[in-house]
Amino acid sequence: MLIADEFFLIAHNDSRGKAKLHPAATGLGLASGLLGELLLYGHITVSSGRVTVIDRRPPADALAHTVLDQLIGESQHQELRTWLSFLAQSATTSVGERLARAGVLRRQESRRLLRTSVSYLPIDLNAVAWPATRLRALLDRPDPPSVPDALLLGLVVAAGLTREVLWSAGPRAHHRLNVLIPALPAPLKELVGHTEAAVGAAVLRGVP
């Protein structure tokens, strides 16, 4: 499962599909996950707060392809925080739809007065709970997690989801989490740092 997909499930680990986070934090965490996927694929890099496309070949995943096309089409905009804010506006829907297409979630529309809201409900509660359970188990093992898993853990911390992963973990898991993020490759560590700053600023401003 891709980074943003697992982040979505950790952030919506609820039988009603409700988010555990402030909407701005959810969107920014998912936006960072989408950029993280392109970083891991080798399509972009991040340095000094800027995003640079280094491989224009389309990724296999349709959503990753769309995000890469947006980065290429708006190449005059390179500020990482700008892209996090932009992608955050649609990331919940984009990733929710990807998970619905994969058969992990079920899309549900609710009509109230003149407004239609969309939620993504779990088809299998165990499948939705698995990403958080998997990360918790990884932190209890002696072997270091893979780079993608370390990035996902970094985004969990940056967005404020740590409790969802570590609620029953022991002291070793907490310690390992504290040392994993500083050890990330520089572009990924920068992505996590800017995400955490953006989440903090958005929540303080009360951005919906």
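The model you're looking at is predicted, so local features need pLDDT of at least 70 and side-chain atom pairs count only at pLDDT 80 or more, while totals for chains, interfaces and linings use all residues. Residues are numbered from 1 along each chain as its sequence is written, and side-chain values use heavy atoms, with hydrogens and water left out.

**Exercise 1. Describe the largest pocket and its lining.**

Step 1: set the rules. On a 1 Å grid over the protein atoms alone, a pocket is an open set of points where a 1.4 Å probe fits, with protein on both sides within 12 Å along at least five of seven lines; lining residues have an atom within 4 Å of a point.

Step 2: get the volume, about 1,000 Å³ for the largest pocket. Points are joined across faces, edges and corners, and the volume is the space filled by probe spheres set on them.

Step 3: list the lining. There are 34 residues, and His 12, Ala 19, Pro 23, Thr 26 and Thr 92 lie nearest the centre.

Step 4: assign them to elements. α2, α4, β3, β4 and α9 each supply at least two residues, with β4 giving the largest share, seven.

Step 5: sort by class, which gives 15 nonpolar, 13 polar and six charged residues. Ala, Val, Leu, Ile, Met, Phe, Trp, Tyr, Cys and Pro count as nonpolar, Asp, Glu, Lys and Arg as charged, and the others, Gly among them, as polar.

**Exercise 2. Find the two aromatic pairs and give their geometry.**

Step 1: use the cut-offs. Rings of Phe, Tyr and Trp (its six-membered ring) pair if their centres lie within 6.5 Å; planes under 30 degrees apart count as stacked, over 60 as edge-to-face and the rest as tilted.

Step 2: take Phe 8 and Tyr 120, an edge-to-face pair at 6.2 Å centre to centre and 85° between the planes. Phe 8 is in helix α1 and Tyr 120 in strand β4, so this pair links parts 112 residues apart in sequence. Both residues are buried.

Step 3: move to Trp 83 and Phe 86. Their ring centres are 5.6 Å apart with planes at 85°, so this pair is edge-to-face. They're three residues apart in helix α4, about one helical turn. Trp 83 is buried at 4% relative accessible area, while Phe 86 is partly exposed at 39%.

**Exercise 3. Work out how β3 and β4 pair.**

Step 1: count bridges. The two strands run antiparallel over eight bridges; DSSP must find at least two for strands to pair.

Step 2: pick a partner. Arg 112 bridges to Arg 115 in β4.

Step 3: inspect the turn. Two residues lie between the strands of this hairpin, and Leu 113 takes a positive phi near 55°.

How values were computed:
Helices (H or I, at least four residues) and strands (E, at least two) are DSSP runs, numbered from the N terminus. Buried means under 20% relative accessible area, exposed over 50%, partly exposed in between (1.4 Å probe, protein chains only).
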